[in-house]
Amino acid sequence: MTVTALPEAATGTGDLSVWPASTTRLAQGDLAVGGVSLAEAAERFSTPVYLLDEGEVRRRCRTYRDVFPDTEVLYAAKAFLSRAMVRWVREEGLGLDVCSAGELELAVTAGFPPERIVLHGNAKSPADLDNALRLGVGRIVIDSPSEITRIAAALGKRDRQKVLLRIVPGVSAGGHDKIRTGTDGQKFGLSLTDGSAQDAIERVLGRRRLLLAGLHCHIGSQITEVEPYLAALRRMVELMARIRDHHGLTLTELDLGGGHGVAYRPGEPALDLTALAHRVRTTLAASCAAAGLPVPRLLIEPGRAVVGPAGVALYRVLTVKRTGGTAFAAVDGGMSDNPRPALYGVRYAPRLVGRASTAPTRATTVVGRHCEAGDVLAAGVELPADLRPGDVLAVPVAGAYQVSMASGYNMVGRPPVVAVHQGTARLLIRRETLADLSGRDIGG
């Protein structure tokens, strides 16, 4: 079977190239995703609202399984997590990568096998570690020397815990400085250059109840080129060979993390998964052969590339005005439900849906409703010049790091999440209400 890189749509139209494969055109300028009209979804569930195409999520899980057949694929829960998402990932045969006791608890209570879960985090709390050990997670990724002592102490006389060491490989990659994590000078991992990685290896091996299964690295996010992964892989294999030579231990696992980039706008690059899988497989085999090592089991942790392109955000336009030569369209959401543009300059391609317009387009900056000048969702995008209050704007590639990073800023409440599949829409996460927000305030 020939497997290609994940297509961004199957519509054959360039301007829908980053939309889910199920996207179809309807009358009056509307679109359907998962067989559900976007305009009707906006009316039924109100706005802002996030739609998640279940079929697209499952298709992308299957693509990873097909492209990486001998690899343990772990979905990175931080991108987006809900009980339904846990079920989809489990049914499609992926493992799970979590970063907190909250993510872990939700996953396990939703029926995910704890032995197929990996716990991450640069600063794991006592609750994180206690829950991980109590529930029996498959692996814990050690990110700092103090965690070695804490995990060993928490284990007591219980069975051994399989761990990985997160190594900083000295490879810089990612779409922005704030999401590059493979070099020294940032908060993640154990450095090779200052000796902290080597020291951590010795300390883990000195703890009888800690089973060092392998190494882990994560070089960044929104990476669209293969070569940085290969550079990191070679350095990890070199370290595995040194561990074998100095300690007599042959590690059996190598986790290359995730960070697989997707296109947010038509024409942008995306990581070619087929090329990544082929070149990682051949480079790993060659590097291990040169070092005299058996090929370890490979693990990867995609998050954005599984769920990002499956999501669509719907907003309603509240105001349209022109100020200082710039056309602005303000919508009923913003940085409280999607902080990514304000955090690291992500750019989107919003689209008018539910109304056919014959007006020419003009450069329009779509902004949110919050009291921040930086509350900009999309700057200088082409939208119909007759855009008006009440119109619905749809933003594709909205499934990752939006709902999961949403806040309660200005007490507007976080949007609901709705699954769309085969013409049916069902609520996954309800809208956060004023009662939810005020109920937490018990002072007086």
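Predicted model: local features only at pLDDT ≥ 70, side-chain atom pairs only at ≥ 80, totals over all residues.
Several residues of α9 are buried, namely Leu273, Leu276, Ala277, Val280, Thr283, Leu284, Ser287 and Cys288. Looking down the axis of α9, these buried residues fall within an arc of 150 degrees, so they line one face of the helix. The general rule behind such a pattern is simple: an α-helix has 3.6 residues a turn, so residues three or four places apart point the same way. Turned away from the buried side of α9 is a face that carries the exposed residues Ala289 and Ala290. As for what lies over the buried residues of α9, the cover includes helix α2, α8 (227-247), β12 (253-255) and β13 (297-300).

Helix α2 turns up again in a helix pair. Two packed helices are described by the angle between their axes and the distance between the axes. Here α2 (residues 54-67) packs with α3 (residues 83-91) at an angle of about 35 degrees, and the two axes are 9 Å apart. The crossing of α2 past α3 is right-handed. On the α2 side, Glu54, Val57 and Arg58 take part in the contact, and they meet Met85, Arg87, Trp88 and Glu91 of α3. Sorted by class, this contact of α2 with α3 has four charged residues, three nonpolar and no polar ones.

Glu147 belongs to helix α6 (residues 145-155). With a relative accessibility of 1%, Glu147 counts as buried, since the cut-off for that label is under 20%. Setting aside neighbours within four places in sequence, Glu147 touches Gly121, Asn122, Ala123, Lys124, Val141 and Ile142. The strand example is Thr364, found in β17 (residues 361-367). Thr364 is buried too, its relative accessible area being 3%. Beyond its neighbours within four places in sequence, Thr364 is in contact with Ala327, Phe328 and Ala329, and also with Ala378, Ala379, Gly380, Val381 and Leu383.

Between α1 (38-45) and β4 (49-53), the loop holds Pro48. The peptide bond leading from Thr47 to Pro48 is cis, and its omega is near -5 degrees. Another proline, Pro309, lies in the loop between α10 (304-307) and β14 (311-323). Pro309 is buried, with a relative accessible area of 0%. Pro309 and Pro20 are 289 residues apart along the chain, yet their C-alpha atoms are separated by 6.1 Å.

Backbone angles pick out two further loop residues. Gln28 is not a glycine, but its phi is positive, at about 60 degrees. The loop that holds Gln28 runs between β1 (24-25) and β2 (31-33). Gln28 is exposed, its relative accessible area being 57%. Tyr401 also has a positive phi without being a glycine, with a value near 55 degrees. Tyr401 sits in the loop between β19 (392-396) and β20 (417-421). At 12% relative accessibility, Tyr401 counts as buried, whereas Gln28 is exposed.

Methods
Residues numbered from 1 in each chain as written. Heavy atoms only, no water. Axes fitted to C-alpha atoms, helices over the stretch in contact; angles between N-to-C directions. Helix = DSSP H or I, 4+ residues; strand = E, 2+ residues; numbered from the N terminus. Left-handed = near helix turned anticlockwise from the far one by under 90°. Contact = heavy atoms within 4.5 Å. Nonpolar A, V, L, I, M, F, W, Y, C, P; charged D, E, K, R; others polar. Buried < 20%, exposed > 50% of the residue type's maximum accessible area, 1.4 Å probe, protein only. Arc of directions from axis to C-beta.
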